[in-house]
Amino acid sequence: MLEGGALRPDAEGLTDRQRALIRATDEFILDRTVSDETWSQLSEHLNNHQLIEFCFLAGHYDMVAATLNTLRVPLDFPD
């Protein structure tokens, strides 16, 4: 279920909503966009307001993670 410390979108036991959120987050962070196919899947579970909020939330967490990583802030619970 975990791959490199993260959930795989194809992991068993996840809902379709969870799969869409994980896939969209991966694309948003790695590609700086979300594909039309993934956006369509995400739109089945989120309304327009939530879709906008998703983008801001994913971007915010990416910014915080990049900042903490750059500043070499130690993890609270390493491995």
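## Overall layout

The chain holds three helices and two strands, where helices (H or I, at least four residues) and strands (E, at least two) are DSSP runs, numbered from the N terminus. Reading from the N terminus on, the order is β-β-α-α-α. This is a predicted model, so to speak of local features a pLDDT of at least 70 is needed, side-chain atom pairs count only at pLDDT 80 or more, and totals for chains, interfaces and linings use all residues. Residues are numbered from 1 along each chain as its sequence is written, and side-chain values use heavy atoms, with hydrogens and water left out.

Of the 79 residues in the chain, 20% are buried; buried means under 20% relative accessible area, exposed means over 50%, and partly exposed is in between (1.4 Å probe, protein chains only). As for contacts (heavy atoms within 4.5 Å), take those between residues at least 6 apart in sequence: 27% of them join residues at least 24 apart.

## H1 against H3

Let's start with helix H1 (residues 16–31) and helix H3 (residues 48–70), which pack at an angle of about 60° with their axes 10 Å apart. The axes here are lines fitted to C-alpha atoms, for helices over the stretch in contact, and angles run from 0 to 180 degrees between N-to-C directions. That angle makes H1 oblique to H3; under 35 degrees counts as roughly parallel, over 145 as roughly antiparallel, 65 to 115 as roughly perpendicular and the rest as oblique.

On the H1 side, the contact is made by Leu21, Ala24, Thr25, Phe28 and Ile29, and H3 brings Phe54, Cys55, Ala58, Gly59 and Asp62. Sorted by class, that gives seven nonpolar, two polar and one charged residues. For the classes, Ala, Val, Leu, Ile, Met, Phe, Trp, Tyr, Cys and Pro count as nonpolar, Asp, Glu, Lys and Arg as charged, and the others, Gly among them, as polar.

Helix H2 spans 36–43. The axes of H2 and H3 come within 10 Å and cross at roughly 120°, and the two helices are therefore oblique to each other. Their crossing is right-handed. Trp39, Leu42 and Ser43 of H2 meet Leu51, Phe54 and Cys55 of H3, a contact with five nonpolar, one polar and no charged residues.

H2 also packs on H1, with axes that come within 9 Å and cross at roughly 140°. This crossing is left-handed. Here H1 supplies Ala20, Leu21, Arg23, Ala24 and Glu27, while H2 supplies Thr38, Gln41 and Leu42. The tally by class is four nonpolar, two polar and two charged residues.

## The nonpolar core

Nine residues make up the largest nonpolar core: Ala20, Ala24, Phe28, Val34, Leu42, Leu46, Leu51, Phe54 and Ala58. A core of this kind is a set of buried Ala, Val, Leu, Ile, Met, Phe, Trp, Tyr and Cys residues joined through side-chain atoms within 4.5 Å. H1 and H3 are the elements that give two or more residues to the core.

Leu42 is a handy one to click on. Not counting residues up to four places away in sequence, Leu42 touches Ala20, Leu21, Ala24, Leu51 and Phe54.

Leaving out residues up to four places away in sequence, Glu27 touches Arg32, Thr33, Val34, Ser35 and Thr38. Glu27 and Thr38 are eleven residues apart in sequence, with 8.6 Å from C-alpha to C-alpha.

Thr33 lies in the loop between H1 and H2 and counts as partly exposed, at 45% relative accessibility. With residues up to four places away in sequence again not counted, Thr33 touches Glu27 and Phe28. The C-alpha atoms of Thr33 and Cys55 are separated by 9.4 Å, and the two residues are 22 apart along the chain.

## Two arginines with positive phi

Arg32 is also in the H1–H2 loop. Its phi is near 65°, a positive value in a residue other than glycine. Arg32 is exposed, at 57% relative accessible area.

Arg72, in the segment after H3, has a positive phi of about 60° although it is not a glycine. Arg72 counts as exposed too, at 67% relative accessibility.

Methods
Left-handed = near helix turned anticlockwise from the far one by under 90°.
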